[in-house]
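Hi everyone, thanks for making time.

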Amino acid sequence: MTQLHTEAAIRPYRIRIAEEELEDLRERLGRTRWPDDLPGTGWSRGVPVAYLKELAAYWANGYDWRKHEEELNRYPQFVTTIDGENVHFLHVRSPEPDALPLLLIHGWPGSVVEFLKVIGPLSDPRSHGGDPEQAFHLVIPSLPGHGFSGPIRRPGWTDGKVADALVELMRRLGYGRYGVQGGDIGAFIAPLMGRRAPENIVGIHVNAWVTFPSNDPAEMEDLTETEQARMAMFKKWNDDLMGYMHIQGTRPQTLSYGLADSPAGQLAWIVEKFKDWTDPAAELPEDAVDRDQLLTNVTVYWLTNTARSSANAYYERFHDPSMWAPKQRSAVPTGVAVFPTDVSIRRFAEKTETIVHWSEFARGGHFAAMEAPDLLVGDIRRFFAGLR
């Protein structure tokens, strides 16, 4: 068998974590050497020690990985090799034969776990009070270097290369016509896929999408009150909340020693984002997302030892000249869902994408599939209803 045929093979996959690895996780959590913190500073300087101690204790003694491993294994999973790297994915076929194939793309610090609450309603709407004509066959990959795709072994995995790999994945699955949905980094990769395979992709739906103004001063004139508020949120993020990005984009290897060795460190690194980016009405991360689902997401990063390679994606992004190069306007129909923490501005988006659908919601946040799955599912259905 040639290497090409070997790489193109799609192999069944099942999550099987050895008990020794779970024991090691619990033991490491129990031996955490905790820092102190300054009284009265709350979350302003990062995750408070008292909060993380309590969450880590629950992770070690109350959280049941086996229960969530079983939940993940209820869905058919596979792995294939593309450009020398493994790509893991869930492939959930709808019982409706005419369902539209839909690729769901997570971001960082997300994983396939992010989509667990939307799989049923999207793939089998008949069983979830929906219209069977709005059903989707779902393909949910672990991005290269993330989760069960495992650590990447070669540099050069830019967003463009990931987009190429996902186009190839859909080709291997025999889908010549499909939709794409992505949030966070997925919201950048999805439009890149549209530019690479416009003849195959019927539409692109994004959330947690960052839109950027050009250098034209006229573009900033007459901003609405809502747009001004989003620009202010973007400035706050740029000034005060993007330290993680600079570290991952410049020194991911150095960061990885702490995250690969300390589960408490990995927990803090991810849970901070769930505090900063979830619905502002939520006081704590678990007020916005289910605590066990959040910990399952963190556990996937820990057990697969992908802190380094997932951070490496930011290094590639920072050092990819094409990332910020001018782009021709894509003709692929694009829909945008905007949640309270999102900074998407339509006039900026329309410079590069064909926006045909724009929704704004009063609840939810960056992790919409976890925080407001009903709103996200409804918006995906509405957007693709006219594109089938």
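Let's start at one spot, Asn-305. Asn-305 is partly exposed, because its relative accessible area is 45%. For that scale, buried means under 20% relative accessible area, exposed means over 50%, and partly exposed is in between, using a 1.4 Å probe and protein chains only.

Before going on, a word on where this comes from. This is a predicted model, so local features need pLDDT of at least 70 and side-chain atom pairs count only at pLDDT 80 or more, while totals for chains, interfaces and linings use all residues. Residues are numbered from 1 along each chain as its sequence is written, and side-chain values use heavy atoms, with hydrogens and water left out.

Back to Asn-305. You'll find Asn-305 in the loop between α13 and α14 (307-318). Those labels are DSSP runs numbered from the N terminus: helices are H or I with at least four residues, strands are E with at least two. What is the phi of Asn-305? Near 50°, which is a positive value in a residue other than glycine. Asp-83 is another non-glycine residue with a positive phi, about 50°. Asp-83 sits in the loop between β2 (77-82) and β3 (85-92), and it is partly exposed, with a relative accessible area of 46%. I point these out because most residues other than glycine have a negative phi, and most peptide bonds are trans. Pro-109 is in the loop between β4 (100-105) and α5 (116-123).

Okay, zooming out. The chain has 17 helices and nine strands. Its C-alpha atoms fill a box of roughly 60 × 55 × 45 Å along the principal axes. With 388 residues, a compact globule would have a radius of gyration near 21 Å, and the chain's 20 Å agrees with that. That radius is taken over C-alpha atoms, and the globule rule is 2.2 Å times the number of residues to the power 0.38. Of the 388 residues, 59% are buried. Now contacts, meaning heavy atoms within 4.5 Å: among those between residues at least 6 apart in sequence, 76% join residues at least 24 apart.

Here's one such place to look. Val-343 lies in the loop between β8 (333-338) and α15 (346-349). Is Val-343 buried or exposed? Its relative accessibility is 11%, so Val-343 counts as buried. The C-alpha atoms of Val-343 and Val-210 are 5.9 Å apart, although 133 residues separate them along the chain. Leaving out residues up to four places away in sequence, Val-343 touches Trp-209, Val-210, Thr-211, Arg-230, Met-233 and Phe-234.

Next, a helix. α3 covers residues 49-61, so 13 residues, and it reaches 18 Å from first C-alpha to last, close to the 18 Å expected at 1.5 Å a residue. That expected span is 1.5 Å times one less than the number of residues. Its buried residues are Val-49, Tyr-51, Leu-52, Leu-55, Ala-56, Trp-59 and Ala-60. They cover an arc of only 160° around the axis, which puts them on the same side of α3; the arc is that of the directions from the helix axis to the C-beta atoms. The buried residues of α3 pack against α2 (19-30), α11 (263-277), α12 (285-288) and α13 (291-304). On the face turned away from that buried side, α3 carries the exposed residues Ala-50 and Asn-61.

Last topic: aromatic rings. The structure holds 15 aromatic pairs. Rings of Phe, Tyr and Trp (its six-membered ring) pair if their centres lie within 6.5 Å; planes under 30 degrees apart count as stacked, over 60 as edge-to-face, and the rest as tilted. The rings of Trp-277 and Phe-367 have centres 6.1 Å apart and planes at 25°, so this pair is stacked. The pair links distant parts of the chain, 90 residues apart: Trp-277 is in helix α11, and Phe-367 is in the loop between β9 (354-360) and α16 (368-371). Trp-277 is buried at 7% relative accessible area, and Phe-367 is buried at 2%. Phe-339 and Phe-361 form a stacked pair too, 4.9 Å centre to centre with 20° between the planes. Both of those residues are buried.

One more thing to click on: ring pairs link Trp-108, Tyr-244, Phe-274, Trp-277, Tyr-314 and Phe-367 into a cluster.
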